[in-house]
Amino acid sequence: MAANEGNHKRPLEEEDPIVSLADVLEEDEQLESEACAVLGGSDSDKCSYSDGYVKRQALYACNTCTPKGGQPAGICLACSYKCHEGHELFELYTKRNFRCDCGNSKFNNLQCKFFSEKEKANYGNKYNDNFFGLYCVCKRPYPDPEDETPDEMIQCVVCEDWFHGRHLGATLPDNEEYQEMVCRSCMKRCSFLWAYATHVAVTKASDVENSGSLTKVEDGTVDVCSIRENGDVHNQNAMTNETKSDETAAKHNEPSTSYKVEEKSEGASGDDASCSVKEENVTENTGCKLQQVKKKGELQRDCATYWPHNWRNKLCTCQSCMNLYNELEISFLLDEFDTVLAYENKGKTVEETEREKCDPLMTALSNMNRIQQVELIYEYNDLKSELKDYLKRFADEGKVVTSEDIQHFFEELQSKKRRRVDGMQYFCS
């Protein structure tokens with residue numbers, strides 16, 4: 001994975017390439033780093049239930065205990081090891097603000113081995129089709145045995161669903177160029193983001209090809225025309241139910257308006273819930289960053305957007321915009337520790353700390369004086385350098401390294417050390 005590795009799953013390759021030993025070693029190191037990044041921030045020995053709704057953690061869904069047709073449920077890393085060993089699990093990567101469901105009322109015949117008594121349900125959890133092993137707008141599994149098209153899976157930073165790159169309606173930029181992605185559905189729901197996307201996003205709306213017609217927005221007024229992938233634009237006089245709902249969403253995305261939300265319709269919940277918004281005291285907030293970028297003009301498309309590192313820092317934090325974020329339930333965008341990258345860095349830090357504790361070299365160094373430490377480090381670096389050069393010869397020649405080869409290396413190394421010691425001259429004064 002690249003700089004934005006946290007929101008990606010590896011693309012499926014058309015066929016297995018021929019690799020060298022050096023390639024294998026490099027990929028093994030990369031996979032270990034990725035595993036540490038994902039799992040290092042979660043506790044593998046303790047159920048996270050007692051921590052409440054964890055800001056971000058690695059999650060799994062058990063297809064053995066909660067198959068499709070039942071209630072969706074998510075379990076923490078420790079429960080995936082201890083309580084669901086041998087079960088069919090779906091790896092969900094990470095999710096935000098989630099409390100472990102293992103052993104609650106959604107699991108008929110299973111009790112959590114860490115906490116025997118849990119609440120019947122965690123009503124603050126949010127679920128989607130990922131918990132049944134289905135992803136993207138195509139609702140297919142990953143890997144998909146029926147899909148032979150090489151593609152990359154990318155996670156939306158808002159809804160946290162995973163999408164095929166080809167189903168996002170926009171050309172995928174290079175991994176190094178962007179950090180996060182917002183899917184087309186979330187861009188519709190949070191349409192105010194288009195004002196920022198026009199000027200901040202890596203793939204700006206005006207640069208996207210073959211993903212629908214541009215809708216130009218002037219003076220901060222949201223154009224609620226329906227945009228289709230084939231380029232047809234329907235005007236407001238022939239509005240469908242979809243464009244009417246888009247108009248309601250547009251009202252939600254005007255921060256200069258103070259909002260009053262009426263009671264949600266009975267039985268509605270989550271993103272599907274609709275609410276009636278009353279506009280009161282419409283006043284322009286001159287200190288609002290969103291209003292400032294809207295004055296520069298914006299372009300809207302029916303597609304996903306790709307965002308660079310630290311793009312969240314550019315979001316306005318005036319009271320009107322804060323109210324907007326609360327209404328849309330996306331206040332987490334202002335939390336610098338919400339990002340997958342922050343979680344991964346935490347995991348890497350924890351893993352490195354644990355390695356240092358268990359590293360015999362570090363243990364030995366802690367019991368030596370400074371001169372001994374310098375000598376040991378010198379010898380260690382010398383050994384590492386010589387071993388690397390020795391193995392590189394095998395890699396370059398495409399040879400397999402055997403145990404006899406390794407034994408021969410250390411015998412040669414010991415012989416060199418004896419020659420250096422025997423060749424030393426000692427002087428007495």
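Two strands pair if DSSP finds at least two bridges between them. Strands (E, at least two residues) and helices (H or I, at least four) are DSSP runs, numbered from the N terminus. This is a predicted model: local features need pLDDT of at least 70, side-chain atom pairs count only at pLDDT 80 or more, and totals for chains, interfaces and linings use all residues. Residues are numbered from 1 along each chain as its sequence is written, and side-chain values use heavy atoms, with hydrogens and water left out.

**View 1. An open sheet of 3 strands.** The order is β3-β2-β4, with antiparallel pairing. β3 (75-76) and β4 (89-98) are the edge strands; each has a single partner, so one side of each lacks a neighbour in the sheet. Strand β2 (residues 54-62) joins β4 over 7 bridges. Cys62 stands opposite Leu89 in β4.

**View 2. Helix α7 (residues 319-328) and its buried residues.** Buried means under 20% relative accessible area, exposed over 50%, partly exposed in between (1.4 Å probe, protein chains only). Ser320, Cys321, Leu324, Tyr325 and Leu328 are buried. They fall within an arc of 140° seen down the axis, so they line one face of α7. The arc uses directions from the helix axis to the C-beta atoms. Just after α7, Glu329 takes a positive phi of about 55°.

**View 3. Two charges over rings.** Here NZ of Lys or CZ of Arg is within 6 Å of the ring centre and within 35 degrees of the ring normal. Arg96 lies over the face of Phe332, 3.6 Å from the ring centre. The charged end of Arg99 sits over the ring of Tyr49, at 3.9 Å from its centre.
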